[in-house]
Amino acid sequence: MSRKIRVHYPWKATPPQGGFFVPTLKLEETKQDGLKAALHQRVFAKAEFGTKDGKLGVLFTRTK
């Protein structure tokens, strides 16, 4: 049985050109969820896969 972990995407608290990293093994799912959350909050954003401190994840950046 798999359960969904809810992630809080801090789009409103992220300044333009700022970003945050979400460590995960489900890269594509996390990317899509984060971009949907940005769209819901009317924030322009982009996402890319990467590593930070040896952890795999998604780096989200607020573009406007």
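The model is predicted. Three strands form an open antiparallel sheet in the order β1-β3-β2, and helix α1, residues 27–40, packs on that sheet.

**The sheet**
- β1 (19–23) and β2 (45–52) are the edge strands; each has a single partner strand, so one side of each has no neighbour in the sheet.
- On average, neighbouring strands are turned by 25° against each other, direction ignored.
- β2 and β3 (residues 55–62) run antiparallel and are joined by eight bridges.
- Phe-49 has Val-58 in β3 as its bridge partner.

**The helix**
- α1 touches β1, β2 and β3, and its direction makes about 20° with that of β3.
- The 14 residues of α1 should span 20 Å at 1.5 Å a residue, which agrees with the 20 Å between its end C-alpha atoms.
- Leu-27, Thr-30, Gly-34, Ala-37 and Ala-38 are the buried residues of α1.
- Seen down the helix axis, the buried residues of α1 fall within an arc of 100°, so they line one face.
- An α-helix has 3.6 residues a turn, so residues three or four places apart point the same way.
- The buried residues of α1 pack against β1, β2 and β3, while Lys-36, Leu-39 and His-40 are exposed on the other side.

**Before β1**
- Thr-14 lies in the segment before β1.
- Thr-14 counts as buried because its relative accessibility is 6%, and buried means under 20%.
- Apart from neighbours within four places in sequence, Thr-14 is in contact with Gly-19, Phe-20 and Arg-62.

Key. Residues are numbered from 1 along each chain as its sequence is written. This is a predicted model: local features need pLDDT of at least 70, side-chain atom pairs count only at pLDDT 80 or more; totals for chains, interfaces and linings use all residues. Side-chain values use heavy atoms; hydrogens and water are left out. Two strands pair if DSSP finds at least two bridges between them. Helices (H or I, at least four residues) and strands (E, at least two) are DSSP runs, numbered from the N terminus. Axes are lines fitted to C-alpha atoms, for helices over the stretch in contact, and angles run from 0 to 180 degrees between N-to-C directions. Contact means heavy atoms within 4.5 Å. Buried means under 20% relative accessible area, exposed over 50%, partly exposed in between (1.4 Å probe, protein chains only). The expected span of a helix is 1.5 Å times one less than its number of residues. The arc is that of the directions from the helix axis to the C-beta atoms.
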